[in-house]
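This report goes through selected local features of one structure, grouped by region. Please read it alongside the sequence and the coordinates.

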Amino acid sequence: MFMSCIFVILMIILVVTDDLEVVKKVVREGQGWESPREPYEVKAWISAKTITGKLIMSHTEGEPYFFTFGKSEVPKGLEMAIGTMVREEKAVIYVTRQYLTESPLMPVIEDYDEVHFAVELVHFIQVRDMLGDGRLIKRRIRDGKGDFPMDCPLHDSLLHVHYKGTVLNEEKKVFYDTRVDNDGQPLEFCSGEGLVPEGFEMSVRLMLPGEIALVTCPPDYAYDKFPRPLNVPEGAHIQWEIELLGFEMPKDWTGLDFKSIMDDAENIRNTGNRLFKEGKYELAKAKYEKVLREFNHVNPQDDEEGKVFVDTRNLLHLNVAACHLKLGECKKCIETCNK
């Protein structure tokens, strides 16, 4: 008896542009789901050939080609296709003349009708422009565990971090290092409570457990609006190297008795009151509104509990109204007072 085996090779073809001028053929699937985008830093092995197979250029030995996504450092069509790749993916990318723009990778574009790029995406570093103006930049230097952003501490949480702070001047002096200045103990703080500079917290909220990130921060998001360490001058730009060790999600009220729920609500409201006194009205408002949202799922069981619940809810609405007033939002203040 003769047995024959038929091997079916499924080839993945992706049309990158609607006009069919940039097409990607996957040679080897990669790892994960995240793809590079502006302004990520990318490392890739890249070679290019003409339709007839003539080698145009090759970066396949030594160090992979390094470029910053979105800076026109590779031809436009090639960058568009790399933006669909994941780590360790191999692909052949077909780019026609329309998308063959000059770049440091190919300074001179001859009269090619089409170029075939062989690409292996070695690695990329997630770089985030947190404000959109290039002033607050988070650069991931070690990957964390989990999926971004689902496993990040996006919600208010108890965070555990190690960090090293450096003043970005000529001396580049380290002004604090938890591993040296805190007896090796990490910093623990609750997010959403104004306990660390705004730029620091914004960056940590977009980190995964185990991740290490390098954050460069302008003065107004560092220590100009926050208690400044003695060895940090006014107006200083700051660099933090941050390692997120882990985080704990806020207490879930499911299954708690009424008294425990109201005690926790009062603790959160008191945190909001502290933030209000410190002039951090947006943060204070977020605390009050968080409790009001949770109150939608609280059901008092008798008249006494009902009175406590209604009185607390009314206080929270007044707290929110006071925040609107301080923020110059008079119409919202009146609407909240009428609730």
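## Surroundings of G272

Leaving aside neighbours within four places in sequence, G272 is in contact with A284, K287 and Y288. This is a predicted model. G272 is found in helix α4, which covers residues 258-277. With a relative accessibility of 0%, G272 counts as buried, because the limit for that class is under 20%.

## Salt bridges around K287

K287, one of the contacts of G272, also takes part in a salt bridge: its side chain meets that of D156, at 3.0 Å from N to O. D156 lies in the loop between β9 (137-142) and β10 (158-167), whereas K287 is in helix α5 (residues 281-295), so the pair ties together parts of the chain that are 131 residues apart in sequence. Are the two partners buried or exposed? K287 is buried, at 5% relative accessible area, while D156 is partly exposed, at 22%.

A further salt bridge joins the side chains of K280 and E278, with an N to O distance of 3.4 Å. Both ends are partly exposed: K280 has a relative accessibility of 23%, and E278 has 41%. Through shared partners, salt bridges connect D156, E193, E201, R205, R274, E278, K280 and K287 into one network. The two pairs described here, D156 with K287 and K280 with E278, have their residues in that network.

## The pair E120 and R28

Over the whole structure, a search finds 26 salt bridges. One of them is between the side chains of E120 and R28, at 3.2 Å from N to O. E120 belongs to strand β7 (residues 114-125) and R28 to strand β2 (residues 22-28), so this pair links distant parts of the chain, 92 residues apart.

Both residues of this pair fall in the partly exposed class. The relative accessible area is 22% for E120 and 34% for R28.

## Pairing of strand β14

Strand β14 (residues 238-248) pairs with β10 in the antiparallel sense, over 10 bridges. Within β14, F247 stands opposite L159.

Which other strand is joined to β14 by bridges? Strand β13 (residues 212-217) runs antiparallel to β14, and six bridges join the two. The bridge partner of C217 in β14 is I238.

## Packing of α6 and α7

Two packed helices are described by the angle between their axes and the distance between the axes. For helix α6 (residues 303-326) and helix α7 (residues 330-337), the axes come within 8 Å and cross at roughly 170 degrees. The crossing angle makes α6 roughly antiparallel to α7, since angles over 145 degrees fall in that class.

On the α6 side, the contact is made by H317, V320, A321, H324 and L325; on the α7 side, by K332, C333, T336 and C337. Sorted by class, the contact of α6 with α7 has five nonpolar, three polar and one charged residues.

## Backbone exceptions

Most residues other than glycine have a negative phi, and most peptide bonds are trans. The following sites depart from that pattern.

The bond from E38 to P39 is cis, with omega near 0 degrees, and P39 has its place in the loop between β2 and β3 (41-50). The bond from F148 to P149 is also cis, with omega near 0 degrees; P149 is found in the loop between β9 and β10. D156 lies in that loop as well.

Positive phi values occur at K172 and D183. K172, which is not a glycine, has a phi of about 50 degrees and sits in the loop between β10 and β11 (174-177). For D183, likewise a residue other than glycine, phi is near 55 degrees, and its place is in the loop between α2 (178-181) and β12 (187-190). K172 is exposed, with a relative accessible area of 56%, and D183 is exposed at 72% relative accessibility.

Definitions and conventions
Residues are numbered from 1 along each chain as its sequence is written. This is a predicted model: local features need pLDDT of at least 70, side-chain atom pairs count only at pLDDT 80 or more; totals for chains, interfaces and linings use all residues. Side-chain values use heavy atoms; hydrogens and water are left out. Axes are lines fitted to C-alpha atoms, for helices over the stretch in contact, and angles run from 0 to 180 degrees between N-to-C directions. Helices (H or I, at least four residues) and strands (E, at least two) are DSSP runs, numbered from the N terminus. Angles under 35 degrees count as roughly parallel, over 145 as roughly antiparallel, 65 to 115 as roughly perpendicular and the rest as oblique. Contact means heavy atoms within 4.5 Å. Ala, Val, Leu, Ile, Met, Phe, Trp, Tyr, Cys and Pro count as nonpolar, Asp, Glu, Lys and Arg as charged, and the others, Gly among them, as polar. A salt bridge is a side-chain nitrogen of Lys or Arg within 4 Å of a carboxyl oxygen of Asp or Glu. Buried means under 20% relative accessible area, exposed over 50%, partly exposed in between (1.4 Å probe, protein chains only). Two strands pair if DSSP finds at least two bridges between them.
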